[in-house]
Amino acid sequence: MSDAIVRSSSPITLIGAGNVPPGALAASLTMAPGIVCADGGADVALAKGLDPLAVIGDFDSLSDRARMAIAPDRLHPIAEQDSTDFDKCLRHIAAPLVLGIGFDGSRIDHQLAAFNALVRHPDRRCILLGGEMITFVAPPELRVDLPVGTLLSLFPMARVEGRSNGLRWPIEGLQFAPDGRVGTSNEVCGPVHLWLDDPKMLVMLPLSALPQAAAAVMAAPAWPVRAE
């Protein structure tokens, strides 16, 4: 990414200004100790004693206290108002994986906007963490080993089809759509192997599945970069 603000050879934790459950934050920092903040997420990070590598956003919610506490060369304002701060961060972080926390659950409009950004930038490998669940865009092909009985939900953000092995209810032959069939509360019954025909399917798993999901997402083939 030639327009990257942050470049890292290891996963990055991206903190937003929403709810940041302690367990999810601990899980994220264990895998991705490098921290980037989306706008007011810097206040959240500072309150938890964390030192961000960079703050990216339009800075409409960043406090004066945070501006003074963080070195000026780590502050990266992007003034345009056509995208969310989460979207801005996805576009400007070059890392093998971004673990986003603070974008899930505290405001439904923000959460939906974050899901929208995931499917608009499917070439950016990102997993969103909530207090109980994680969410990511299914890559073209995904292989992941999880305990039998693990909850695995599929939610389409547009019309999408696919195939599966290892799910209690196979998805082959089904046409998914946000105003039609969705895949809530499927279950793992063996090694999971998914194939999707378009980068429009969100995969939702328990937070406890983060290590397996992160490894699977980083190992999976990538969706092609789309012109912006």
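Predicted model: local features only at pLDDT ≥ 70, side-chain atom pairs only at ≥ 80, totals over all residues.

Me: What makes the radius of gyration of the protein chain agree with that of a compact globule?
Reply: The globule rule is 2.2 Å times the number of residues to the power 0.38; for 228 residues this gives a value near 17 Å, and because the protein chain has 17 Å, the two agree. The C-alpha atoms fill a box of roughly 55 × 35 × 30 Å along the principal axes. Of the contacts with a separation of 6 or more, 68% are made by residues 24 or more positions apart, and buried residues make up 53% of the chain.

Me: Why is alanine 66 called buried?
Reply: A residue is buried when its relative accessible area is under 20%, and alanine 66, at 0%, therefore counts as buried. Alanine 66 belongs to helix 3, residues 64-69, and, with residues up to four places away in sequence not counted, it touches Asp43 and Leu46. The C-alpha atom of alanine 66 is 9.5 Å from that of valine 44, which is 22 residues away along the chain.

Me: How do you know that methionine 201 is buried?
Reply: The cut-off is again under 20% relative accessible area, and methionine 201 has 0%, so the term applies. Methionine 201 lies in strand 14, and its contacts beyond four places in sequence include Phe136, Leu154, Pro156, Val160 and Phe176. Methionine 157, although 44 residues apart from methionine 201 in sequence, is 6.1 Å from it, C-alpha to C-alpha.

Me: Which residues of helix 6 are buried, and why are they said to line one face of the helix?
Reply: In helix 6, residues 210-219, the buried residues are Leu210, Ala213, Ala214, Ala216 and Val217. Seen down the axis of helix 6, these residues fall within an arc of 165°, so they line one face of the helix.

Me: What covers the buried residues of helix 6?
Reply: The cover includes helix 1 (22-31), together with strand 7 (98-101), strand 8 (126-129), strand 9 (133-137), strand 10 (141-144) and strand 14 (201-206). Strand 14 is also where methionine 201 lies.

Notes
Residues numbered from 1 in each chain as written. Heavy atoms only, no water. Buried < 20%, exposed > 50% of the residue type's maximum accessible area, 1.4 Å probe, protein only. Contact = heavy atoms within 4.5 Å. Helix = DSSP H or I, 4+ residues; strand = E, 2+ residues; numbered from the N terminus. Arc of directions from axis to C-beta.
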